[in-house]
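Trainee: I'd like to learn how to read a structure feature by feature. Could we go through this one together?

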Amino acid sequence: MLQDSKDKRTYDAIVIGSGASGGWAAKELTEKGLKTLVLERGRMVRHIEDYPTASKAPWEFEFRGAVPVDKRSGIGAARWAREETMHWALAEDEQPIIEEKPFRWFRGYHVGGKSLLWARATQRWSDYDFEGPARDGFAVDWPVRYKDLEPWLDYVETFAGIAGGRDGLPELPDSIVQPGFELSCIEQYYKEQLKQNYGDRHLIQGRCAHLTDPQQIHREQGRNKCQNQGMCNRGCVYGGYFSANASTLPWAEKTGNLTIRPDSVVESIIYDESKGKASGVRIIDRNTGEAMEFYAKIIFVNASTIATNAILLNSKSSRFPNGIGNDNGLMGKFLACHNYRGKGSASYEGFADKATDGRHAGHAYVPRFRNVFRQDTDFLRGYSIGMAGGRGLGSDTSGIGHDLRDSLLNQKYGTWRMSAWMQGETIPIETNHIRLSTEEKDKYGIPKIILSVEWTENDDKMTADFLQQQQEMFEKAGFTDIKVEDSKAPPGSDIHEMGGVRMGKDPKTSLLNEWNQLHTCKNVFVSDGASFTSTSTQNPTLMFMAFTARAANHAVEELNKGNL
């Protein structure tokens, strides 16, 4: 009877996490014939049917989207404290953490994870990013280069659908793209000014994971063209942007090889001392509190960077007393993110005869220009810049009576404005880390996560450089009312956590090999942000997906050879 129960809980592969990278692991493994179990900590979310506020107009909400204070109490993220997005909010007691230093950890605990909530920016990394550690002397050398990822980026982009241009820039390799979203006249003007005033700075339309010209592969997924509603974080009934729910998970389900188990809080990975490899995953059922074990030949850990680190650190055994695969004691260390502290805005008095109409899903983008081809500043690495320009309607509300009424009913266009925000590469340092508490546990009996991350002098210098350069670029382009500032936002505000289980060539200085396998436990793969050795200046999710597809195919090959 016990054996019969265990057989029912045994699969070829287990994937922990159902977001962008977990969805890709599920797709690749099931397509290759592996019976695959996806474990998701949060609730089930089905594409379309579980997007309760998608496409709703403001007047369809009781208070135009505002939520009374009593209904907002007990949720852990103020950013979701509106009726449009309250269904994504996380209860404060779900996974309390200990902030040794201020840190913003944004989570998406539901099937699909943050793939339903991401900003959808998809810029490729280049060898200037992969070779950064070796060239500049920080972190450890990546065990891969761009050529190793290029075919997998092609593969992922073709399936996901990316809108953008082909820009021919060595620091930002071209993608497989559909037509991009048009730049506004002010953005086009700024682009021309950059070209005129600088030889190394380029404004392009940022690439994003939206369908502008759906191909057969997208129609087979049941997806359609982006409708430019600008309501992406509610869930998209059209499947206009890439998410695991709209794309990879349904695709995996069609194979008949996928089982999704929501409400499964992963406690640890089980290590079989006699076989010298992992044998399964131990969970706590979120609804019943029951402890359960599931078994598989290979395990993919894609729970998102911080959660992945925590699961691995908590996976202790006689062989791995400090966490599975953690012989060198580096797991959880060198946690890094992106520096978003620098902000800027300015006005432009021209183009009074023009305005924008409608919405679009993307924004303009200036790829990194600092320390690309040579070291030319007193800080390491650099930053990219997100930009957006527009012209809004407004009213003079200083009057009363008829004057106020007439002003409200006859809005007028204001001046054009451009906004800018930096996305800086932070340098991974050993003291920036995650560890588990030895004293406090959460309601599931799992040790609480301790986060200890802070900015460094390099981040301060980089932020100062952005402020100076953005001020200068606005001035040279003829903008006025220029404002640049350091927001002083704490680490984590970018939602791009990376590291802690980094890849590398040497087991003494890294945790994973070039195929995202733990050096000392080959049937455990980590291919989300935890695996990253450095952070680049580009958004990382596209790379997570490409690394995952690559690792999953390698895992199947190794399994078929009998090596796992």
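Trainee: Which strand does Asp-481 lie in?

Mentor: Asp-481 belongs to β20. Helices (DSSP H or I, at least four residues) and strands (E, at least two) are runs numbered from the N terminus. Before we go on, this is a predicted model, where local features need pLDDT of at least 70 and side-chain atom pairs pLDDT 80 or more, while totals for chains, interfaces and linings use all residues. Numbering starts from 1 along each chain as its sequence is written, and side-chain values use heavy atoms, leaving out hydrogens and water.

Trainee: Is Asp-481 buried, exposed or partly exposed?

Mentor: Partly exposed, because its relative accessible area is 44%. The cut-offs are under 20% for buried and over 50% for exposed, with partly exposed in between (1.4 Å probe, protein chains only). Asp-481 also has a positive phi, about 50°, though it isn't a glycine.

Trainee: What is the phi of Ser-536?

Mentor: Positive again, about 55°, and Ser-536 is not a glycine either. Ser-536 sits in the loop between β23 (521-526) and α13. It counts as buried because its relative accessibility is 0%.

Trainee: Why does Glu-497 count as buried?

Mentor: Because its relative accessibility is 4%. You'll find Glu-497 in the loop between β20 and β21 (498-500). Next, look at its contacts (heavy atoms within 4.5 Å). Leaving aside residues up to four places away in sequence, Glu-497 touches, among others, Arg-104, Trp-105, Lys-114, Thr-305, Cys-337 and Phe-544.

Trainee: How many residues of helix α10 are buried?

Mentor: Nine of nine across residues 305-313, so α10 is largely enclosed by the rest of the structure. The buried set includes Thr-305, Asn-309 and Leu-313.

Trainee: How many residues does the largest nonpolar core have?

Mentor: The general idea is that in soluble globular proteins, nonpolar side chains tend to be buried together. A nonpolar core is a set of buried Ala, Val, Leu, Ile, Met, Phe, Trp, Tyr and Cys residues joined through side-chain atoms within 4.5 Å. Here the largest has 84 residues, with Ile-16, Ile-269 and Ile-324 making the most contacts inside it. Helix α13 (541-560) gives this core its largest share, seven residues. Apart from it lies another core, of 27 residues, including Leu-183 and Met-418.

Trainee: What does Ile-324 touch?

Mentor: Not counting residues up to four places away in sequence, the partners of Ile-324 include Ile-269, Leu-312, Met-331 and Leu-518. Now try Ile-299, in strand β9 (298-301). Ile-299 counts as buried, because its relative accessibility is 0%. With the sequence neighbours up to four places away left out, Ile-299 touches Ile-16, Ile-269 and Val-524, among others.
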